Number of protein chains: 2
Amino acid sequence: MNKKLQNYKELITKKLDEYIPKGYPKSIFESMRYSVLSDGKRIRPILAIEVFKLFSENIEEIIPTACAIEMLHAQSLIHDDLPCMDNDDFRRGKPTNHKIFGEAIATLAGDALLSFAPQIIIQKTPSSVPKDKILRILDEFLQTAGAYGIIAGQVVDIESEGKEVDKATLNFIHKHKTADMFKLPVRAGAILGGATEEQIEELTIFAKKIGLAFQIADDILDETSTLETLGKTPGKDKIAGKATYPTIYGFNEAKKTLHSLIEQSCAIIEKSNYKSDLLIYITKLIETRIR
Amino acid sequence: MNKKLQNYKELITKKLDEYIPKGYPKSIFESMRYSVLSDGKRIRPILAIEVFKLFSENIEEIIPTACAIEMLHAQSLIHDDLPCMDNDDFRRGKPTNHKIFGEAIATLAGDALLSFAPQIIIQKTPSSVPKDKILRILDEFLQTAGAYGIIAGQVVDIESEGKEVDKATLNFIHKHKTADMFKLPVRAGAILGGATEEQIEELTIFAKKIGLAFQIADDILDETSTLETLGKTPGKDKIAGKATYPTIYGFNEAKKTLHSLIEQSCAIIEKSNYKSDLLIYITKLIETRIR
């Protein structure tokens, strides 16, 4: 694995461990820590930091937000895995949160993370960051977490199960359920780093493209992978009667679109002279996963 | 009913209706609106406004926060009522959220409210309020919503079911599950209104006292009331093997403590020359409910 990526991953995990204490009542903090500190790729917080670094050096300013985004990611996984939703038993190669802590604590751990994450942004962002920037980041964070963001995607996903899904609906699901969680760290990194509004918009397009690419790769993996390589139960989408990119567009078309999105994403980074080998590396990694 | 209280209630419901749109996906916004716009007492947002008015006149500054607190209250009720938690079928005289929308949407509607509420504070608070004050309010809001606030209370409540509970544990549950949601609006009103730190602390004591009084009254009502007057299924605590104030201290002692808390709370308002007949009225109303 890329050394820089590995260093970032360790930094983020160390910070997450530091931010979420072992408090009382024990079960709720253990449940939060179980999911947040499990072995994830940390791709979203890494994106936030690396985009920030295109514009600014003092990464202390982005770390709390980057970690908050990873907490939000963990929250959405805990709730999505619940029996009343996607009913998943495995996640990141381990039993899902409710399998260990029960449904009540898992539900509450998600809630706790959803309020803890923006608090970390408020409490831990250095005072060098202007207050109105912090409020803008919080607003975008909450927008992504809510009914106009990932929840919209999850709702339509659940309500589409077992139904004939058209391309527009599939697009809506992917846009919100997955791409919104790439848009958030990329925009947060750009905003906190001091990008111009034009640059923020350009990077937003980059984020949407890699977000969609990530989902297509995930859909392909779900059909072709094993529990071991995937870390979660494969084939679940088919069993649940869920529409995926390959089922609607076919495997070849899915792979072609994925490849094209990766090329377009890399082109945005290259043409704007953003100096980041790591952003290119991460982008290409999305496609490499399915090989 | 007190005319002023009625006017406040109508104002808050009107604002809540305005803040939560009828969006897409339809089910999630309908589910949010179902719980938030149901016929509640609105006691928490009213407290926020009335405490604010002790110090300042322009109530536009407190209304978004007051409404956000009511949304948080609705969120906690939706999740607490879920089958995996308290498994309640009725709330405010109507079927609970998951009974109408199903568990998945109810869970997501709670999540959506938890991110929507602080967004309302960010987006709707007039620019006359300094940014650092908004950040302080957000921090207190999220602290109350999270694992150090109402979630701590709910976790210990759930984990104590069917067990012998000591007074310290019962106190912890009441403090966080109930009193925190009185502390928040009172402190928010004081902070936004421009109270001194000393006044904020004094009013925090008032809030804790009426919060505990409210919970004792609720416990008494749960054992003596009907579904019609209570709006939710009575006797649930006993059936679930939950410790309540009267079961641990006895009915007489519970009523005595309740009365004493009401007197102490009124005394705080009176001795500090806070001019609010409504705060006295609301405080006394807590005790009147059980008569």
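**Entry 1: helix 7 of chain B**

I began with helix 7 of chain B and found that Ile150(B), Ile151(B), Ala152(B), Gly153(B), Gln154(B), Val155(B), Val156(B), Asp157(B) and Ile158(B) are buried there. By buried I mean that 20 or more other C-beta atoms lie within 10 Å of the residue's own, while 12 or fewer makes a residue exposed and anything in between partly exposed, with C-beta atoms placed from the backbone. Helices here are DSSP runs of H or I with at least four residues, strands are runs of E with at least two, and both are numbered from the N terminus.

I noted that this is a predicted model, in which local features need pLDDT of at least 70 and side-chain atom pairs count only at pLDDT 80 or more, whereas totals for chains, interfaces and linings use all residues. Residues are numbered from 1 along each chain as its sequence is written, and chains are lettered from A and ligands numbered from 1 in the order in which they are written.

Helix 7 of chain B covers residues 150-160, and nine of its eleven residues are buried. I then asked myself which helices the buried residues of helix 7 of chain B pack against. They pack against helix 2 (26-36) and helix 5 (97-124) of chain A, and also against helix 4 (63-80), helix 6 (131-145) and helix 8 (167-193) of chain B. Contact is taken to exist if the C-beta atoms of two residues, placed from the backbone, lie within 7 Å. Just after this helix, I saw that Gly162(B) has a positive phi of about 75°.

**Entry 2: how the two chains meet**

I looked next at the contact between the chains, to which chain A gives 42 residues and chain B gives 42 residues. On the side of chain A that touches chain B, the elements giving two or more residues are helix 2, helix 5, helix 6 (131-145) and helix 7 (150-160) of chain A. Helix 5 of chain A supplies the largest share of that side, with 14 residues. I sorted the residues of that side of chain A into 26 nonpolar, ten polar and six charged; here Ala, Val, Leu, Ile, Met, Phe, Trp, Tyr, Cys and Pro count as nonpolar, Asp, Glu, Lys and Arg as charged, and the others, Gly among them, as polar.

A rotation of 180° with 0.0 Å of shift along its axis places chain A on chain B with an RMSD of 0.0 Å, and this is the relation of a two-fold axis. The superposition is by least squares on the C-alpha atoms of residues with pLDDT of at least 70 in both copies. I also noted that 100% of the interface residues of chain A are interface residues in chain B too, so the copies meet through the same surface.

**Entry 3: chain A as a whole**

I recorded 14 helices and two strands for chain A, and buried residues make up 52% of its 291 residues. The C-alpha atoms of chain A fill a box of roughly 50 × 50 × 35 Å along the principal axes.

Is helix 4 (residues 63-81) of chain A largely enclosed or open? I found 19 of its 19 residues buried, so helix 4 of chain A is largely enclosed by the rest of the structure. At 1.5 Å a residue, those 19 residues should span 27 Å, and the end C-alpha atoms are 27 Å apart, which agrees; the expected span is 1.5 Å times one less than the number of residues.

In helix 3 of chain A, eleven of the 13 residues are buried, and so this helix is mostly covered. Among the elements that cover these buried residues are helix 1 (3-19), helix 4 and helix 9 (197-224) of chain A.

**Entry 4: loops of chain A**

I found a cis peptide bond between Tyr24(A) and Pro25(A), with omega about 0°, and Pro25(A) is in the loop between helix 1 and helix 2 of chain A.

Arg42(A) is not a glycine, yet its phi is positive at about 60°; this residue lies in the loop between helix 2 and helix 3 of chain A. Asn273(A), in the loop between helix 13 (251-271) and helix 14 of chain A, also is not a glycine and has a positive phi near 60°.
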